[in-house]
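This report reads one model from its overall architecture down to individual side chains. Please keep the sequence and the coordinates at hand while reading.

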Amino acid sequence: MIETNWLSNLKKFDRERFDSLRHLNSERRKEIAAIYSFNLELANIAWNVSEPELGYLKLRWWEDYINDMNNENSLPENEYLLILSKLVAEEKLHKHNLLKLVKARKFDCSKKPFDNHEQQIKYIRDTSQNLLFMGLSCLIEFNDYSFRKNLSEYFGLSLGLARFILAAGSLSQNKCYSLFLPNQIDYTNYFECKINDSITERICTDIDLTFNLFHTGEREIKNMGLKKNILSVLNTVNNFVPILLEIRNNPQLIYRKDHKLSFRAKFIGKINELVK
């Protein structure tokens, strides 16, 4: 059940988070990478089971594992689980955050759309925002709970929103649900890679929320004197901003499989940098 090449898998399948750790020292990098690798382990379950019940069964195993973590009979089976156990023992990491992540991943196995937009946002809070919160808990610069909570919302929630938008094209072509849409006809259009008013509104609203969170976070940390190696842990959304702006101006682009900036968008971006 457990993948041993955990760091290489993180680099391959969650590159933004992996790259965000590159400026940290080895110990801190491995601690946060272990948290992110645990998330990857859980996220892959839904893609590797044929029936939702099989996914729920695997996730229940993980719930039991976390609840028994650091008990006498609980023996970590590889390096990243050993690191997680150590973080829990040191109280840098709390079991309830890990369990929140497991519970959220049950939705992936259901293969169903979100009931409403609030449910989608809660899912992203329990996954992407929760992940960053746990990661920041490993860094002494973020010992203050309120500060850590705010930054994980600004940068973790925005990353989750951005990823939902950028994954929509691939998911639609694989007949997988993504963003919440209000009507069945919207999902029919979505699976046919068509745009309508509801889809456009959802895309634009979520992109605007992403930008608002990200820019609020930037203002929050601007005058705090954080070092570059620490800032890199937060700024996972940076590279997505120009792509999201391009999609905001042309929502049909959400169905691209490979989100590379067009020459026109790159050119306009360079001009905007020069006139700032």
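## Basis

The model is predicted, so that local features need pLDDT of at least 70 and side-chain atom pairs count only at pLDDT 80 or more, whereas totals for chains, interfaces and linings use all residues. Residues are numbered from 1 along each chain as its sequence is written, and side-chain values use heavy atoms, with hydrogens and water left out.

## Overall architecture

The chain has 13 helices and 0 strands, where helices (H or I, at least four residues) and strands (E, at least two) are DSSP runs numbered from the N terminus. Of its 276 residues, 49% count as buried; buried stands for under 20% relative accessible area, exposed for over 50%, and partly exposed for the range in between, with a 1.4 Å probe and protein chains only. Among contacts between residues at least 6 apart in sequence, 67% join residues at least 24 apart, a contact being heavy atoms within 4.5 Å.

Two packed helices are described by the angle between their axes and the distance between the axes. Here the axes are lines fitted to C-alpha atoms, for helices over the stretch in contact, and angles run from 0 to 180 degrees between N-to-C directions. Angles under 35 degrees count as roughly parallel, over 145 as roughly antiparallel, 65 to 115 as roughly perpendicular and the rest as oblique.

Helix 3 (residues 26-43) and helix 7 (residues 117-136) have axes that come within 9 Å and cross at roughly 155°, and the two helices are therefore roughly antiparallel to each other. Helix 3 passes helix 7 in a right-handed crossing, a term for a near helix turned clockwise from the far one by less than a right angle, with anticlockwise giving left-handed. On the side of helix 3 the meeting residues are Ile32, Ile35, Tyr36 and Asn39, and on the side of helix 7 they are Leu131, Leu132, Met134 and Gly135. By class, this contact of helix 3 with helix 7 has 6 nonpolar, 2 polar and no charged residues, where Ala, Val, Leu, Ile, Met, Phe, Trp, Tyr, Cys and Pro count as nonpolar, Asp, Glu, Lys and Arg as charged, and the others, Gly among them, as polar.

Helix 1 (residues 6-13) packs on helix 3 at an angle of about 70°, with the axes 10 Å apart, and the pair is therefore roughly perpendicular. Trp6, Leu7, Asn9, Leu10 and Phe13 of helix 1 make this contact with Lys30, Ala33, Ala34, Tyr36, Ser37 and Leu40 of helix 3. The contact of helix 1 with helix 3 has 8 nonpolar, 2 polar and 1 charged residues by class.

## Salt bridges

A search of the whole structure finds 19 salt bridges, each a side-chain nitrogen of Lys or Arg within 4 Å of a carboxyl oxygen of Asp or Glu. The table lists some of these pairs.

| Arginine 17 | Aspartate 14 | 3.0 Å |

Arginine 17 and aspartate 14 are both buried. Arginine 15, by contrast, is partly exposed with a relative accessible area of 40%, and aspartate 19 is partly exposed at 24%; these two residues, 4 apart in helix 2 (residues 15-20), are separated by about one helical turn.

Lysine 92 lies in the loop between helix 5 (79-89) and helix 6 (95-110) and glutamate 31 in helix 3, so the pair ties together parts that are 61 residues apart in sequence. Lysine 92 is partly exposed, with a relative accessible area of 26%, whereas glutamate 31 is buried at 4%. Salt bridges that share partners join Glu27, Arg28, Glu31, Lys86, Glu90 and Lys92 into one network.

## Loop residues

Most residues other than glycine have a negative phi, and most peptide bonds are trans. Lysine 175 has a positive phi, near 60°; this residue is in the loop between helix 8 (145-173) and helix 9 (184-191) and is exposed, with a relative accessible area of 53%. Cysteine 193, in the loop between helix 9 and helix 10 (197-221), likewise has a positive phi near 60°, and this cysteine is partly exposed at 23%.

Aspartate 115 lies in the loop between helix 6 and helix 7 and is exposed, with a relative accessible area of 62%. The C-alpha atoms of aspartate 115 and proline 182 are separated by 8.6 Å, although the two residues are 67 apart along the chain.
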